[in-house]
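Please open the structure in your viewer and keep the selection tool at hand. This tour goes stop by stop and says what to select next.

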Amino acid sequence: KDGIKLQFLSLESEKSTNAIGNISSKIYNMLSELGASRLKTEEIMLIKNIFNSMPEAIKTVIPELKAMNKIVTEIENMNQRLLKSGIEDSGVLFETRLKLLATKEMKAIEQLTMSDLKGLILRIKDKLNDQERRKTIQLSGFKQLDIESSLNRLVRNIEFFQFNSIMNDVLYTFLPVSWQELRDGEIIFRKKEDNRGESFTCELRLELESMGRLLISITLFGKAFYITFNVEKSDSASILNENISILQERFSNAGLILKTINIS
């Protein structure tokens, strides 16, 4: 007759359900706001032009503004070094790189804030709070609001990619490139490992004015490369077929083994 009474209420209280719903709603709203913050290359180019058009008097009191020229790279100048620095200095890795320097001297931290785009923006925003610099901007006839608005848009763009990197557990960043033909594009790097060994793939998804959509997959397996082109237009396939020999020659001159090229 003596015992312990158990009463089953529910698996989850209504209060807890409401709390989860509120969190989900906040995350959704934050994603929507961040999604709208993503800048296209032409928008970044417009921001770059704003910095370029500033009077020399402003650039003298805020020298960091001169370094904002590097936010866009001409496609003709793109090389391995610029690709690497473009990814590292895009601002998406700023906090991570800062943590790695936490125990090092201030000089190294200062160099990072001058090379990393997010660090550079934060330095400029800090200097805009100075009363004397604000007066110089006002006397030059340039609107401080235009500077602050451009900087804030760039920061929100960086934070969009930072948030996506965390959510998807990958490095997700932007690479502003000035390319007249380019409508849109993505570069994806993947590493794969199975019983045959390691392989590395670079996937380029491009949409060009004249050639339409292209999906280019370049895989390194062993010491050989395998390339596949998938194109939208038959004319584009013809152009690629006509120029295969140039690609083969460039691989050969670089001392690289090119096993296959497929175009479809």
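What follows is a walk through a predicted model.

**Stop 1: helix α1**

Start with helix α1, which covers residues 14–37. Select Ile23, which sits in this helix. Ile23 is exposed, because its relative accessibility of 51% is over 50%. Together with Ile23 they make up a nonpolar patch on the surface. The accessible area of the three together is about 250 Å².

**Stop 2: Asn157**

Is Asn157 buried or exposed? Asn157 has a relative accessible area of 0%, so it counts as buried. Now show Leu39. The Asn157 side chain reaches the backbone nitrogen of Leu39 at 2.8 Å. Then display what surrounds Asn157. Setting aside neighbours within four places in sequence, its contacts are Ser37, Arg38, Leu39, Ile44 and Phe174. Keep Phe174 in view for the next stop.

**Stop 3: the aromatic rings**

Select Phe160, Phe161, Tyr172 and Phe174 together. These four form one aromatic cluster. The model has 5 aromatic pairs in total. One of them joins Phe160 and Phe161. Their centres are 5.0 Å apart and their planes stand at 85°, an edge-to-face pair.

Now look from Phe160 to Tyr172. Here the ring centres are 6.4 Å apart and the planes are at 55°, so this pair is tilted. The pair links distant parts of the chain, with Phe160 in helix α9 and Tyr172 in the loop between α9 and β2, 12 residues apart. Tyr172 is partly exposed, at a relative accessible area of 24%.

**Stop 4: Asp169**

Stay in the loop between α9 and β2 and select Asp169. What is its phi value near? Phi of Asp169 is near 55°, which is positive although the residue is not glycine. Asp169 is also exposed, with a relative accessible area of 72%.

**Stop 5: Glu64**

Move to the loop between α3 (56–61) and β1 (73–74) and select Glu64. Its relative accessible area is 3%, so Glu64 is buried. Which side chains does its own side chain touch through polar contacts? One is that of Arg123, at 3.1 Å. Another is that of Lys127, at 2.8 Å. Now widen the selection around Glu64. Leaving out neighbours within four places in sequence, Glu64 is in contact with Met114, Leu120, Arg123, Ile124 and Lys127.

**Stop 6: salt bridges**

How many salt bridges are there in this model? The count comes to 18. Three of them are picked out here.

Select Asp130 and Arg133. Their side chains meet in a salt bridge, with 3.9 Å from N to O. Asp130 is partly exposed at 31% relative accessibility. Arg133 is partly exposed too, at 23%.

Next, select Glu186 and Arg205. Their side chains form a salt bridge of 3.6 Å, N to O. Glu186 is in strand β3 (residues 182–194) and Arg205 in strand β4 (residues 197–208), so the bridge ties together parts 19 residues apart in sequence. Glu186 is partly exposed at 32% relative accessibility, and Arg205 is partly exposed with a relative accessible area of 37%. With Glu186 and Arg205, they are linked in a network of salt bridges.

**Last stop: Arg213 and Glu232**

Finish with Arg213 and Glu232. They form a salt bridge whose closest N and O atoms are 3.1 Å apart. Arg213 lies in strand β5 (residues 212–221) and Glu232 in the loop between β6 (224–231) and α10 (234–242), so this pair ties together parts that are 19 residues apart in sequence. Arg213 has a relative accessible area of 49% and counts as partly exposed. Glu232 is partly exposed as well, at 42% relative accessibility.

Methods
Residues numbered from 1 in each chain as written. Predicted model: local features only at pLDDT ≥ 70, side-chain atom pairs only at ≥ 80, totals over all residues. Heavy atoms only, no water. Buried < 20%, exposed > 50% of the residue type's maximum accessible area, 1.4 Å probe, protein only. Polar contact = N/O pair within 3.5 Å; in protein donor to acceptor, adjacent residues only side chain to side chain. Contact = heavy atoms within 4.5 Å. Patch = residues over 30% accessible without salt bridge, like charges linked within 9 Å, V, L, I, M, F, W, Y side chains within 5 Å. Areas by Shrake-Rupley, 256 points an atom, 1.4 Å probe, with all protein chains shown as cover. Salt bridge = Lys/Arg side-chain N within 4 Å of Asp/Glu carboxyl O. Helix = DSSP H or I, 4+ residues; strand = E, 2+ residues; numbered from the N terminus. Phe/Tyr/Trp six-rings, centres within 6.5 Å; stacked < 30°, edge-to-face > 60°.
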